[in-house]
Amino acid sequence: ISGNRPQLVGLRSTDGNTIIPPGSHLATRPLAGGAQATQGYLTASVYSPTLDCPIALAFLDRGAARHGEHLWALSPLTKASVRVEVTTPHLYNPKGDRLRD
């Protein structure tokens, strides 16, 4: 996988409580008036009772190389900004240990 093309990633709300607004775009800073370049967009957002935190899936430019990075999910509809951490899209049991037990 190479280049700047969007790749599927997982997202977690960094505060562990705030729902990540559906339809958000990903950027390096919160909404502060004025335009900014977005680097990706959400495809799904939900609260995970298993992980006990809000999670989401998104397509992010160079996503596979950006795990651990913090970004902002910006909702153009609600004007909300939520800080998120980029993770693997396999948010639950990424190593498959439960499957092999």
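## Surroundings of Val-84

Val-84 contacts (heavy atoms within 4.5 Å) Leu-11, Arg-12, Ser-13, Thr-14, Ile-20, Leu-26, Glu-69, His-70, Leu-71, Trp-72 and Ala-73, leaving aside residues up to four places away in sequence. The model is predicted: local features need pLDDT of at least 70, side-chain atom pairs count only at pLDDT 80 or more, and totals for chains, interfaces and linings use all residues. Residues are numbered from 1 along each chain as its sequence is written, and side-chain values use heavy atoms, with hydrogens and water left out.

## Nonpolar core

The largest nonpolar core contains 13 residues. Such a core is a set of buried Ala, Val, Leu, Ile, Met, Phe, Trp, Tyr and Cys residues joined through side-chain atoms within 4.5 Å; buried means under 20% relative accessible area, exposed over 50% and partly exposed in between (1.4 Å probe, protein chains only). Leu-11, Ile-20, Leu-26, Leu-42 and Val-84 have the most contacts inside this core. At least two of its residues come from each of S1, S4, S5 (70–74) and S6 (81–87).

## Barrel

Strands (DSSP runs of E, at least two residues, numbered from the N terminus) pair if DSSP finds at least two bridges between them. In the order S1-S4-S3-S2-S5-S6, 6 strands close into a barrel with antiparallel pairing. Strand S1 (residues 6–13) is joined to the antiparallel strand S4 (residues 53–61) by 7 bridges, and Gln-7 stands opposite Leu-60 in S4.

## Thr-43

Thr-43 lies in strand S3 (residues 40–48) and is partly exposed, at 43% relative accessible area. Beyond four places in sequence, Thr-43 touches Leu-57, Ala-58 and Phe-59.

How values were computed: Helix = DSSP H or I, 4+ residues; strand = E, 2+ residues; numbered from the N terminus.
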